[in-house]
Each structure stands twice: as C-alpha cells, then as structure tokens.
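Me: Please take a close look at one part of this model. I want the contacts spelled out, with cut-offs.

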Protein chains: 2
Amino acid sequence: MTTDPTWAALSEHWQTLSDLGGVNSLLGWDQSTFLPPAAAPGRARQMALVSRLQHERATDAGYGRLLDEAQARRDLSPQQERTLAVARREFEEATRFPGEFVAAFTQHVGESYSAWTQARPENDFARMVPYLDKTLELSLQAAAYFPEFSDPMDYFIDQSDEGMTAEVVDGVFRDLRAALVPLVEAVTAAPAPRTDFLARAYPAEVQLRVGQEIALDYGYDVSRGRQDLTPHPFMTRLGAQDVRITTRVKEHDLSEALYSTLHETGHALYEQGVAGELLDTPLGGGVSSGVHESQSRLWENLVGRSRAFWSAYFGKFKGAFPQQLSDVSEDEMYRAVNAVSRSLIRTDADELTYNLHVITRYGLERELLSGRLAVRDLAEAWHAAYQTNLGLRAPDDTDGALQDVHWFGGGIGGAFQGYTLGNVLSAQFFEAAQRANPGVQADIARGEFGALHGWLRENVYAPGRRFTPAELIQRATGGPLSVEPYLRYLRGKYGELYGVPVN
Amino acid sequence: MTTDPTWAALSEHWQTLSDLGGVNSLLGWDQSTFLPPAAAPGRARQMALVSRLQHERATDAGYGRLLDEAQARRDLSPQQERTLAVARREFEEATRFPGEFVAAFTQHVGESYSAWTQARPENDFARMVPYLDKTLELSLQAAAYFPEFSDPMDYFIDQSDEGMTAEVVDGVFRDLRAALVPLVEAVTAAPAPRTDFLARAYPAEVQLRVGQEIALDYGYDVSRGRQDLTPHPFMTRLGAQDVRITTRVKEHDLSEALYSTLHETGHALYEQGVAGELLDTPLGGGVSSGVHESQSRLWENLVGRSRAFWSAYFGKFKGAFPQQLSDVSEDEMYRAVNAVSRSLIRTDADELTYNLHVITRYGLERELLSGRLAVRDLAEAWHAAYQTNLGLRAPDDTDGALQDVHWFGGGIGGAFQGYTLGNVLSAQFFEAAQRANPGVQADIARGEFGALHGWLRENVYAPGRRFTPAELIQRATGGPLSVEPYLRYLRGKYGELYGVPVN
C-alpha cells in the first residue's frame, strides 16, 4: 500500500514529526554547546514550545484515524506492520499524556538541567532537592498514565528497551554481580599496571584531532555530522543527514577525550547506518537503549581497548605525543587503558567495575520510585550504596548523587539499565561479527574496520526499528540475550591481563 | 489595560511568536555556522516547517479578533497604541500571504543560499540564474499582495524602513551622489596613504581575540551573546537574552575581522539595548533597517575608524602584533584604515565609495523589479553599472553579481538602501550624541564608551519600535532625516586626511 493515499498521509505526518524532533534536538544541542548563560530560561521556554507542538502532532486525532485505517488493512507488508506497530506504540504513549503535562515536564527539565550545571561544581545537592522532588513526582505521574504496568520501573524499562522487564533486568544484574565480584576481587588484588603517563600534559587540540581521526577510520561520516565540546558528551540526531557527537577533553588525562569520542562515535555509527528508506519514519532510529549502548561500548571497549587496536594506533599516538610517550611501550599503553580500580565516577570506570556503578543507580531508582527512599536522603543513600557495591565513599556530592546528567536533565526511572544491557549485548554482537568474519581482529590490528562496520551495519544498524530488540538480537546472533559472551570476554581479557585464574 | 484578559492573551501570543522566531533564528544561525554539508536539504525543510508554524500563528483568526478588540478600546496608553499599530502592520503583512507561499519562499531561499555557497567560489553565475529567476518571481508575487503600493519598490522599502518611499530614497541618493563624486575625485587624485602593513600575516586567533576585547569595551554583553565564524558576518537574535554575532577573519588583512566585528557589534548593541519590558512584544527589536545600519556604521566607522579610536587602541595592536607593526606609527594606522580607493567589494569599501556600491545595487533592484532587466542579463548589467558608478569592472561574477548574500539568501527588493540610509543616520545620531556629551571624542581616545553607549541606549536602543523611524529620529536628534551631518562628517574627515579642499 505504499502508493496508497492513507500511507502517503502517514508518511507526510511522520516527516513532520521527524522535522520537529530535529528542531528540538538542535535546541538541546545548542543549549549544551554554545548557549549564552543568560539565555537559559528563554531556551527552556523555546524547547517547551516545540515539545508542545510535537505533542500536538503526535496526538492528533486525524493521525489516530489514519493509523486505525492503515492497521485495518490486509495488504500490509511485514515492514509496514512493524512501522504501524511502532507508530501505535508511540501514539499510545503520546496520547496518554496531556499536552500541559508534557510542556510542564520539558520546562522543568530544562530548568533543572540549568540549575545542575551550577549546583554540581558547587557541590550543592540541597539546591537540587526541590528540582529532583518535582522530577520524581512528574516521573511517577508519567508512569501512572500506564496502569497496565503494575511497577513504574517496568514502564520505564519497556519505554527504553521494548519488551524488557524489571524482573529480567534483576536476573541479569544478579548473574552479572555474582560473576563480577570475585573477578574484581582477584584483579584488584593483583599488581596494578603502570598508568602514570596517562596523566601527563597532552595538548587538548592534539587529543581532539587524534580522536577525530580514529572516529573517521571507524567510519564516522562528517559530511553528515560534526563534533563539539560539552561538559557531558552525547550523540544527537538533528536531521536525517545530521548526526552529531560531543566530547570533552582533559589535558592531564589521555583517555578522557579518546574514549568519550570512540563511545559517542559508536552511537553515531548506529544512527548513520540506519537504512535511508527508514529515515523520517517511525523505524528510522536505534531500536532500544540497550542495543544503542551495545554499539558505543563495542567501539569504545571491545575495539578501542583491545590489544589489536593499540597495535594499529600506538604509532599514531607516539607521533602525536613523542615526548609524553617516550618511555612507554605498546604493551604498557594497552595495560594502562585497561587498568582496573574501584573508582567513584561511572563514566571513568573500567569495564569490570562499570556495571557495579550501573547496578547501584538502578537500585537507587527502584528505591526512589517505590517510595522507600526520599529525594532528600538520596545523597546519603548514594554514599551508602557505593560503600556496599564498590567499597568506596565519594568525598562530596559533586562526584556522588550530582554526578550524572540523567536525573537532572530527564526523568527518574529506566535511565541506567540500558548501559549494562549494552555491555552484555556488545560482546554478543562482537562474537557474532567475528564468527561471520574471522579476520576482524587482524583487521583491527591494521586500523581496518570495513568488515566489522559492514557486518554491524547490515545486521544491527540498517534495520533501525524494523524488528523488536529481541528479534534483532535473535536474527543477528542466532540466539536470545545472553550474559555468557560478555563473561567469556571479560574473563578471557582480564584473566590474561592480570594473570589471575578465572572459571 | 495591562491586566486586561485581552491584553494578557495578546501578550501570550506575542511571546509564542517571539519564541518561534528565535527557533527559526537558531536554525538559520546553525545553518551558517556549523551545519554538516549533507544536512542542508533537511535543514531547509525544517526552516520551512517552522516558518509555516510562525505564519499560522501570525495569521490566526483568533489573534486578529484580539487585535480588533484591543484596537477598539479607548483606554489605551500611547505605548499600547503603538504596540497594536506595529502588530496590525505585521498581521496585515502576514495575512496577505497564503501559508503555502511563505513555505515555498522559505524553502526556495534555503536552497538558493545553499547553492550560492558553492556557485560563488566557482564563479558560476549561470547556476544561480534559475534560482534568481524564481526569487524575482516570488518577490514580485509578494509585492503584488500589497496593491496599495503602485511600485513594488515602495512596498519593499516600507517593509524595512517604515514610512520611507522610493521617491525619498531617490532624492537622498541623488544628493549624496552629487556631493560624493567630486569628493571621491579629489581624494583619489591625492597621494594615497601607506597600507602595505595591513596585508602582513596576522594570526587569525589573535585578530579574533583583539576584536572581541574591543567589542566588550564597546559594551557587548557576552552573557547574552557570543561570536562565531561565518563566510558572511551577521547579527541575529535567538531569544530575548541571546543576541549573537559572527565574523570572518583573513590572515593577511588586519581590517577584515576587526571591522566586521565592530560592525556586527553595533547591530548587537542595538538589540541588546532594547528595553526589557518591550522584549517578546511587537516593539522588541530594531525599528528599521536604516536605523539598525546606523548603529553598525556608527560603531564601525564614526568610532572605529576615528583618530580618537586609534589613539586608544594602537598600543593594544602594537602589543598583539609587535613584529608586524614594528615600523608603523599611530598616524599611519589611522590613515591606512581610512584609505580611499575605488574597489569591487561592497563590504571592503571605504566610507566614501561605499555608498556608490549601494546606489549601484539599488539601481539594479529597481531595474529587475520593473522588468527592464532580465535575471540572465544581471551579471553583465552589474559590470556595466560598476563601470558607470565606480569606473571599475570585476574580473568575474564571484566579485560581481554573486558578491552579496542578500539576493541569494532572501528576496530581491529593498535589501540595500538601508545601508546608505544607515550611513546618513549614523552621522546624524553621532552629532546629537556629541551635542549632549561634548566629551565623547575624549572618552573614545581613552577607550571609554559609557557616555556614548548610554546616550544611544536611551535615545535609540531602549525605545525599540516604540516610535516610527521618523519620530525616533526627530526625538533623538531634534530634526528630520538629513544628509547634512553625514556630508559634514565626510568632508571634515577626508578633507583633513587627504589635504583636499572641500566645500
């Protein structure tokens, strides 16, 4: 029915929704990159306005009738069925929220984000309590519009990872924790590798140039994207042919800009790889936050922290920073970027301990949403949970409850589990890619990513939201979600690196 | 009636119009600064969409009824009367255009601009002919919606300079030309000053830093603005507290970045100086293109190219560029930035010949709009007119008909006369400011701009569109528009500089 007038009207409507989404993404991108400080309240109002316009169109009764009409047809292709299913899912989600609720939430989030950018450096958690209280209230109100989910957390998880439940996540996190705790124990008891040289002075502009060159090697297309600096790196789609990333750079931390860049590049490769015919339709984007994060993690960690990667790129770094790296070997570099230590900052954490940061936040979200934890007690609860899960306590709230943008620039619930689901999936996809292309590791060692990128584009990126996450995983890897490839990867890599026995 | 529900509803509507205007300005700002090349068509579509949304609201029948209601009231303050008059003027203008016409025009202009950014460096005027043909057609169509103007040019002039007519402009331009031709003749016959050192190598980042420091001295508030690089400099308001400028920099031209920056800073000081209570209402912006340009020209030329300015800033430039300026005196610098020569590029032209560039374009616009000149003959007509007015012929169309963004990123008609009206007004305002503050020149010589900026803010900026242009000029200067102060300024300055007799 592609030449059908109903389908044509739907396509035009989806185009408008996509254009408004791009406009709102630009407002957000500029807010994070270049907005003058005094303009923040006005920008929040502009974003609330565009969100309201999006909401009006997303909930338009005529659009609903078009969806009804199309779904009643019997001549739909499987792709059209799925397009309509995704559109229906979003229509349901949009129509349950009144326009004023969406506008109020967006306005509040803009103001909260703006306050957080000041409160965090000032270690002023108290300032954020009224904002977070309102965020929690609005988040629970959002979930209450979906009474078919008995637990608000199920609603939030399904929203970002279609078909997933808190029960499944609880189970995955339990298995992971059980395997990770002894592994972290063994690894942190072994002698630590040398990392001193990572903190030498590396000029910011050279770091940025090298990172960008590797992003281009990976396949990031800057005719359809660009990179800028923000306090918190992100990837955003501003249009069908406009997928931007941001990074941050620290002169005395060689890994900060590099791995931020490779992480966001992974997200961008996914978005840039979605098939052109799907763009500006409900299927034109990543399928879930877990699958999205699998791609940032795959390119950041499974590729970017591999021995093969450093075999390809150590020479480039030596060339860019000859004095700083004069006494450093390739093997030392490889070991340094894979150093394991219990630390306070999620985004700086190594692969092994990273998931413990996520499990901590996921647990706090469950407590907040259930009402067992009050916002005013969150800062202390954060410290207590870190003590339990990582044996650490942050010296302040800047690196404690104020650490991540998520709760301050969005809602509470479902913000974090996708990261660890992404880690799990990154290994599952990477194993499948290597089964299909046994030369992947040898390619990486030559700075060649065509076969890997090609396999991922075909099996993960191009389909967009053409399949459910579970279907996509099954089609790409031949099996359902499984923690085994990830545990095999971690045990193999860290067992060898630290010379510790693994089972 | 400020607490009146009608007024409250109008205010809310004006806020929405202002917010949508800011969103569209952001889309345009990003298009010129950072947009990835492949994203241009999608951006044009986004801008067309937001323009359509603006147009819908600007022409909303309910809004029209609110205006009717309010204008029927007898308890209006003079400021409310003027607010409604400006709103009515814009409502009339918006309602005469069908929504599809506005969207088509905006989309076309986006595509034309994008094509021009490639055609200009490639000297490919032929490529732009179909674009310009359509632009001319759309421009005439626009004017045809206003049959009360018998000449399309009157409509376009009134649109940007409320109350002004082609007849008045013709007269001003005739008087100016009569006075300028002998003055240019005498000055270009005199020995030329030394300018060689302006073309030495000045590192771009230092030029930008120095320019920005002077912009701050002038009073540009970067908590409510910022500066970026674009091929064609501009000022844009993205929100009540967000007034941005752009500049361009050439390593081998010390005056390019400096005077672009000071020019756009003048525009920005005007927009940043509009009284807070007027922002987000119909009165919250510059009153006409002539008055706007008077401020860019005042700060660029009457201040920035004055002997007093160089007395204040020559030391800063010597400090920033000690080697490049080692053999240059303050007097030589002052003479160099005021060198007069017949040249090809309007934006590079000196004060004396600048108006001949404008008069040329104004004449071509009148020819195109009257149908006496076809677009396909424009490139040659351009060369012929330059021969007549400036005794020069450009070697190509890059510096000929493709030179300015105006016809390629907007309509044809009324785009240029405001520049020369601005020059005329700049001297008229500057004389008035000096009458009120006789110490202005001495202040400038110390890098002090508070009194001048304060007078302009109070008499020109703060009123926004509170008065008509003619009223504003009368109130600020005590008389109507007059070319005499400008001619006094030019004759005094250039007579002294070149040692030529003036009458």
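How many salt bridges does the rule find across the interface of chain A and chain B?

Reply: This is a predicted model, in which local features need pLDDT of at least 70 and side-chain atom pairs count only at pLDDT 80 or more, while totals for chains, interfaces and linings use all residues. Residues are numbered from 1 along each chain as its sequence is written, chains are lettered from A and ligands numbered from 1 in the order in which they are written, and side-chain values use heavy atoms, leaving out hydrogens and water.

The rule finds eight salt bridges across the interface of chain A and chain B (a side-chain nitrogen of Lys or Arg within 4 Å of a carboxyl oxygen of Asp or Glu). One of them pairs A:Asp30 with B:Arg244; the closest N and O atoms are 2.7 Å apart. On chain A, the side touching chain B draws at least two residues from each of α1 (5-33), α2 (40-58), β2 (235-239) and β3 (242-247) (DSSP runs: helices are H or I of at least four residues, strands E of at least two, numbered from the N terminus). The largest share, ten residues, comes from α1(A).

Now the extent. In chain A, 35 residues are in contact with 35 residues of chain B (heavy atoms within 4.5 Å). The size of an interface is often given as the accessible area lost when the parts come together. The buried area here is about 2700 Å², with 60% from carbon and sulfur atoms (accessible area, 1.4 Å probe, lost by two parts on being put together, summed over both).
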